[in-house]
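Please walk through this model one element at a time. Keep the sequence and the coordinates side by side.

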Amino acid sequence: MDGFTVLIIEDKKSMAEMLSKTLEAEGYRSIFALSGEDGIAVYGQERVDLVLTDLKLPGMNGMEVLRTLKARSPFLPVIMMTAFGSIENAVEAVKSGAYDFLTKPFDITHMLVLVEKALESAKLSAENAILKEEFSEELGFPKIIGKSRALDGAIDLIRKAAPAKATVFLSGESGTGKELFARALHHLSPRGKGAFVAINCAAIPKDLLESELFGYEKGAFTGADARKLGKFELADKGTLFLDEIGEMDMGIQAKLLRVLEDGRIERLGGTAPVFIDVRVVAASNKDVAAAVADGKFREDLFYRLNVFPVTIPPLRDRADDIPRLAGHFAAKYCKEMKKPVMPITDEALRELSSRYWKGNVRELENCIERAVILADDGIGLEHIGTAMIVAPAAVVSGSPEPLQVVADRATHAAEAAAIRQALAICGGNKTRASEMLEVSYKTLLTKIKDYGIG
């Protein structure tokens with residue numbers, strides 16, 4: 001159980017020192033306080049994983065300590081000790097959130113077993129909260145497909161960054177797999193057994209993003225009927241992935257900077273800080289450095305996030321990986337659709353390898369999913385469609401159109417084609433299509449109207 005810290009709150013110094021030495025002999029780190037008030041103060045300053053507190057204390061008693069700590073950190077395991085044990089005390093303590101109850105004098109071996117079980121129970125409780133909130137699909141170990149030199153460079157940087165706690169900034173075009181790299185970083189790190197929590201800063205309205213990140217107390221605002229833990233608390237001892245960080249409002253940027261600097265958050269409507277131990281991985285498909293120069297992103301926050309930058313290469317820079325990726329996605333969707341694994345013809349692979357893939361790996365995956373739906377015993381050219389060809393700009397009086405006009409036309413054509421493809425794959429479901437295209441639902445509706453997509 002190395003790495004876990006136990007806070008002992010016991011007014012008899014000799015007892016506190018004995019418990020401290022016993023726990024440290026088992027590999028725990030221990031801290032002790034001789035009063036409830038001091039214990040609460042220590043908890044606010046240190047990373048604590050479990051509290052072992054006496055019931056009878058001078059000043060603030062053990063039950064008050066328990067309620068104060070559970071109000072701050074619902075997943076914190078607290079074990080009560082008392083020489084005045086009774087069924088009534090035990091019931092009251094458990095109802096108030098204690099993991100269990102020890103009556104002095106107690107067997108040290110029993111106490112150690114209880115501590116280990118309490119820590120494991122707290123870990124499972126936190127994981128269940130995350131699973132219920134957003135990770136309903138089973139997630140396996142992230143698998144990065146490809147052996148190209150461009151990809152190897154990014155993978156090597158991820159391996160080197162994994163053991164450290166430094167913030168990592170992933171940059172790359174939309175669809176390159178930034179979240180996959182973030183998950184790989186998490187699994188390779190010492191935090192791999194902790195939670196991986198992802199949030200897309202562009203997908204949540206700015207007035208809701210703060211409560212999603214930091215949580216809120218009951219009554220903090222109209223509709224706040226119960227306390228809600230934010231993503232930072234859910235990611236405690238794990239990794240928080242902030243995708244599309246460049247879209248974050250300047251006001252929230254200031255609060256994020258403060259969290260990164262002192263390791264504490266405050267829930268909306270809360271009065272006490274909550275200590276968190278989270279590694280942050282940020283990502284953007286935009287040039288955040290340019291946003292800093294334009295005054296749209298805080299310079300101090302950018303430098304705090306950009307400690308270890310990693311650029312994920314676009315698919316066109318790793319064309320050698322396309323056949324391998326296409327085969328992987330074909331096997332994945334054949335299994336999902338309960339079809340025999342279908343081969344991809346050489347002709348189709350050559351066509352796939354020659355495309356530009358503006359949407360990168362995500363666009364390739366969508367293309368193969370559609371092909372698997374259409375194909376019966378093998379994937380050929382007829383199943384992957386034809387590459388989008390943008391017509392050259394018209395020549396007027398022997399002079400070409402301005403480059404910006406050409407670029408705008410190409411962008412509009414590419415976006416319209418991508419929207420039609422997404423809607424086809426999603427059966428016309430605009431909500432799912434907006435998620436697939438990584439734009440807001442409102443933005444998708446606007447573009448559908450602008451491009452006259454039926």
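The model is predicted: local features need pLDDT of at least 70, side-chain atom pairs count only at pLDDT 80 or more, and totals for chains, interfaces and linings use all residues. Residues are numbered from 1 along each chain as its sequence is written, and side-chain values use heavy atoms, with hydrogens and water left out.

Start with strand β11. Helices (H or I, at least four residues) and strands (E, at least two) are DSSP runs, numbered from the N terminus. In β11, six of six residues are buried. Buried means under 20% relative accessible area, exposed over 50%, and partly exposed in between, with a 1.4 Å probe and protein chains only. Both faces of β11 are covered. Arg279, Val281 and Ala283 lie on one side, and Val280, Ala282 and Ser284 on the other.

β11 has parallel partners. Strands pair if DSSP finds at least two bridges between them. β6 runs parallel to β11, joined by four bridges. Leu170 has Ala283 of β11 as its bridge partner. β8 also pairs with β11 in the parallel sense, over four bridges. Here Thr239 stands opposite Arg279.

Now turn to helix α10, residues 250-262. Its 13 residues reach 19 Å from first C-alpha to last, close to the expected 18 Å. The expected span is 1.5 Å times one less than the number of residues. Asp249 caps the N-terminal end of α10. One of its side-chain oxygens lies 3.0 Å from the backbone nitrogen of Gly251. After the helix comes Gly263, with a positive phi near 70 degrees.

Which residues of α10 are buried? They are Ile252, Gln253, Leu256, Leu257, Val259 and Leu260. They cover an arc of only 165 degrees around the axis, which puts them on the same side of α10. The arc is that of the directions from the helix axis to the C-beta atoms. An α-helix has 3.6 residues a turn, so residues three or four places apart point the same way. The buried residues of α10 pack against several elements, including α8, β8, β11 and α12.

Glu210 sits in α8. Glu210 counts as buried because its relative accessible area is 18%. Setting aside neighbours within four places in sequence, Glu210 is in contact (heavy atoms within 4.5 Å) with Gly215, Ile252, Lys255 and Leu268.

Next, the rings. Rings of Phe, Tyr and Trp (its six-membered ring) pair if their centres lie within 6.5 Å; planes under 30 degrees apart count as stacked, over 60 as edge-to-face and the rest as tilted. By this rule there are five aromatic pairs. One of them, Phe169 with Phe302, is edge-to-face, at 5.9 Å centre to centre and 80 degrees between the planes. This pair links distant parts of the chain: Phe169 is in β6 and Phe302 in α12, 133 residues apart. Both are buried. Phe302 and Tyr303 have ring centres 5.7 Å apart and planes at 50 degrees, so that pair is tilted. Tyr303 is exposed, with a relative accessible area of 51%. Phe169, Phe302 and Tyr303 form one aromatic cluster.

End with helix α13, residues 322-336. Its 15 residues should span 21 Å, and its end C-alpha atoms are 21 Å apart, which agrees. Ile322, Leu325, Ala326, Phe329, Ala330, Tyr333 and Cys334 are buried in α13. The buried residues fall within an arc of 160 degrees, so they line one face of α13. They pack against α14 and α15. Just after α13, Lys338 takes a positive phi of about 55 degrees.

Notes: A polar contact is a pair of N or O atoms within 3.5 Å; within protein, one must be able to donate a hydrogen and the other to accept it, and residues adjacent in sequence count only if both atoms are side-chain atoms.
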